[in-house]
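Please look over the sequence and the structure shown here before reading on. The report is written for a reader who meets them without any background.

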Protein chains: 2
Amino acid sequence: MSDPFFRLLHIDRQSGARRGRLVTVHGPVETPAFMPVGTQGTVKGVMPELLRSTGTQMILANTYHLMLRPGEQVVAELGGLHRFACWPGPILTDSGGFQIFSLAKLTRVDDSAAVFRSHVDGSVVVLSPERAVAVQESLGADVIMTLDHVIALPAPREAVRDAMQRSIRWAERCRLAQSRRDQSLFAIVQGGLEEDLRVRCARELAAMDFPGYAVGGLSVGESAKEMYHILEITTPHLPEEKPRYLMGVGRPTDLLEAVRRGIDLFDCVMPTRNGRNAMAFTHRGPVRIRNRRYERDARPLENSCPCPACQFPRAYLRHLFMAKEMLGPILLTLHNITYYQRLMREVRNAIEADCFAEYHQERIAHWGSAATDGTGGS
Amino acid sequence: MSDPFFRLLHIDRQSGARRGRLVTVHGPVETPAFMPVGTQGTVKGVMPELLRSTGTQMILANTYHLMLRPGEQVVAELGGLHRFACWPGPILTDSGGFQIFSLAKLTRVDDSAAVFRSHVDGSVVVLSPERAVAVQESLGADVIMTLDHVIALPAPREAVRDAMQRSIRWAERCRLAQSRRDQSLFAIVQGGLEEDLRVRCARELAAMDFPGYAVGGLSVGESAKEMYHILEITTPHLPEEKPRYLMGVGRPTDLLEAVRRGIDLFDCVMPTRNGRNAMAFTHRGPVRIRNRRYERDARPLENSCPCPACQFPRAYLRHLFMAKEMLGPILLTLHNITYYQRLMREVRNAIEADCFAEYHQERIAHWGSAATDGTGGS
């Protein structure tokens, strides 16, 4: 683990929101930061140069998917994920925990490992903490994650506690298994919606001195209020000088609420998946571009946006989706990632200026002014 | 019709291949030229900037598709196809003839018009020569085409003759219907595989003095040899000082054979469609990137190619197709268009240097050296 890996540059005087920087051999990541999701080693439909032009510094790739296809050995032979996918910037790989418990057909989980059937070809795969690290070392990302035991919520307290405790034991084994010194291993806080379990998990992992911490097992069906509450009681027990990553979250409003509670790093499929489904994020709220109201609309999605989609009239973007042309998903994906990255840049600027709370209020006011139909009358 | 619309710059001394230039208000088109197909107002998966970077100067769009969706009035209200689709360069629209007779459910065709059912919503549409021109004037392309009567081959000589004669009558009506002076209307030579009908059609249309001529109704199931023969007997009857466009053709080898027979302009879905289906064109022959042999291949598709796909290892391109990621079709589309445009640039250079025949031989030798499995042992 390279040191200093994370620099905490400033804390907003009013809100406590954090401005920091991850330093990796593949370049810096200004935080708070949003990582687009490149599940199978590609952010769907987006070439690296274009991804870079959205303001993206770091991307996430999924260990589960890549170990099944093309296989981590293929990636390793090609020189690792950065060279395989031609992404020169920082990469984070998750450990596969979430996908095993959501996508795969899980056959057994005990302390030794999770055993599941591949969703690609049905073959039996064993993923232990040691193998999760080995695979991630083959892939070669800058940040790698401990294997955690994710369970569906709501769940009995006992099941939540068992999974949390197992996640801690697995985190320790991941650390012991690590052989590469150039990757930063993050541990994942679990504990469902049980306050005391979250606190205990955070404290125990904090004592183990990982280079970074994630909050996992959220955005799995609980309310936003519950999620914010869990963040609020968890982050104070994480070391201030280490980066904090909220996994799989979320909507623009969730990002701001989490930043206010001390989160530095995010990933989510929302900008890319929603973009493919014809939904564009804007500062005036979401635009559902298939709506008939845009049939003859000559305006861009957003006047101030520098993305490739915003050179076109909305009428053309709508036409692309109505005609099932893949340029539609491509363009709205680019717009949405650009939107998320613009939002995070504004967040960083607001923290530096000690006015994050005001910025937060302003954003909510503008998003709120938009009806769910999209454009807020603009 | 703006004059001089076409400049014949040079004729190769050995082969008779032509080097020319179309001059439009949206910029020049160096010929021989290849137009990628943007059926519904978009070359599938390719943004205008990237399309430009392939070397593309002019694109084709389909009147039939655009009149059905989004409708030519929508395009006209948005300022025409150039502004709607944000393509600043020259555009050619076909008349809809080919699609009516191939895609739509044709219900009736007589001298007045073709009547068919839309493949989008089943509604009845009447396309007369006058309407074909009106729609193309609303779309606003630089080059527009007369409505022709296309029939499937083989067909009885009488049916071929009737369709050819109707195409001539319709061409005249299209010319009379034209109200915009800033679009160049090309007439289309029909006549199937009947030599005398082709010659008669070419002569009659030539006498009507259109600003350009197309050879239509080819590449519809006949052999390559038959197609080349029809070209060979047709082009001598077209005016030398007017551009000649071979519609819907073809493979790289077809392009060279047609250039040798005096063709200046081409369009074809082959580079884009084959690219989406994992087939890449190279100077050493086709590469079928799904082949297992590329699983761990670190080389680019083609060393000398400047396209975005050729920054990636073949192993990654293969992975994208195996994982059904849309970046695969996007990248191979870009590669193939770039390949076609590089080929046409080399063709133009060879004609200027009076060595087209040698260049042609060289290309065939290299393509031939590649086994159908792809890389020719490279």
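## Two copies and their relation

This is a predicted model, and the values in this report should be read with that in mind. Chain A can be laid on chain B with an RMSD of 0.0 Å by a turn of 180 degrees, with a shift of 0.0 Å along the axis. That is the relation of a two-fold axis.

The copies meet through the same surface, because 100% of the interface residues of chain A are also interface residues in chain B.

## The interface between chain A and chain B

The contact draws 42 residues from chain A and 42 residues from chain B. Together the two chains bury about 3,500 Å² between them, and 66% of this area lies on carbon and sulfur atoms. Within chain A, the residues that lose the most area to chain B are A:M47, A:R296 and A:M326, which together account for 18% of what that side buries.

Across this interface the rule finds 16 residue pairs in polar contact, with both residues at pLDDT 80 or more. On the side of chain A that touches chain B, at least two residues each come from α1 (48–53), α3 (72–77), α4 (81–84), α12 and α13 of chain A. Sorted by class, that side of chain A has 26 nonpolar, six polar and 10 charged residues.

## Salt bridges across the interface

Side chains of opposite charge can pair when their charged atoms come close. Between chain A and chain B the rule finds four salt bridges. One of them joins B:R296 to A:E77, with the closest N and O atoms 2.2 Å apart.

Another salt bridge is formed by the side chains of B:K44 and A:E325, at 2.6 Å from N to O. This pair crosses between chains, since B:K44 lies in the loop between β4 (33–35) and α1 (48–53) of chain B, while A:E325 lies in the loop between α12 and α13 of chain A.

## Two covered helices

Helix α12 (residues 314–322) of chain A is mostly covered, with eight of its nine residues buried. Among these buried residues are A:R314, A:Y316, A:H319 and A:F321. What do the buried residues of α12(A) pack against? Their surroundings come from both chains, namely α11 (270–276) and α13 (327–352) of chain A together with α2 (63–68) and α4 (81–84) of chain B. After α12(A) comes A:K324, whose phi is positive, near 55 degrees.

In chain B, helix α10 (residues 252–260) is largely enclosed by the rest of the structure, because seven of its nine residues are buried. The buried residues of α10(B) include B:P252, B:D254, B:L255 and B:E257. Just after α10(B), B:G262 takes a positive phi of about 90 degrees.

## A loop residue that reaches the other chain

A:Q311 lies in the loop between β16 (287–288) and α12 of chain A, and at 35% relative accessibility it counts as partly exposed. Leaving aside residues up to four places away in sequence, A:Q311 touches B:E49 and B:C86.

The side chains of A:Q311 and B:E49 are joined by a polar contact of 3.3 Å.

## Salt bridges within chain A

Over all chains, the count by this rule comes to 56 salt bridges. One of them is formed by A:R169 and A:D111, whose closest N and O atoms are 2.8 Å apart. A:R169 lies in helix α7 (residues 157–177) of chain A and A:D111 in the loop between β7 (105–109) and β8 (114–117) of chain A, so the pair ties together parts that are 58 residues apart in sequence. A:R169 is partly exposed at 37% relative accessibility, and A:D111 is partly exposed as well, with a relative accessible area of 30%.

The side chains of A:D110 and A:R108 also meet in a salt bridge, at 2.8 Å from N to O. A:D110 is partly exposed, with a relative accessible area of 27%, and A:R108 counts as partly exposed at 43% relative accessibility. Finally, A:R19, A:R21, A:E30 and A:E352 are linked in a network of salt bridges.

Technical notes
Residues are numbered from 1 along each chain as its sequence is written. Chains are lettered from A and ligands numbered from 1 in the order in which they are written. This is a predicted model: local features need pLDDT of at least 70, side-chain atom pairs count only at pLDDT 80 or more; totals for chains, interfaces and linings use all residues. Side-chain values use heavy atoms; hydrogens and water are left out. Buried means under 20% relative accessible area, exposed over 50%, partly exposed in between (1.4 Å probe, protein chains only). Helices (H or I, at least four residues) and strands (E, at least two) are DSSP runs, numbered from the N terminus. Contact means heavy atoms within 4.5 Å. Buried area is the accessible area (1.4 Å probe) that two parts lose on being put together, summed over both. A polar contact is a pair of N or O atoms within 3.5 Å; within protein, one must be able to donate a hydrogen and the other to accept it, and residues adjacent in sequence count only if both atoms are side-chain atoms. Ala, Val, Leu, Ile, Met, Phe, Trp, Tyr, Cys and Pro count as nonpolar, Asp, Glu, Lys and Arg as charged, and the others, Gly among them, as polar. Copies are superposed by least squares on the C-alpha atoms of residues with pLDDT of at least 70 in both.
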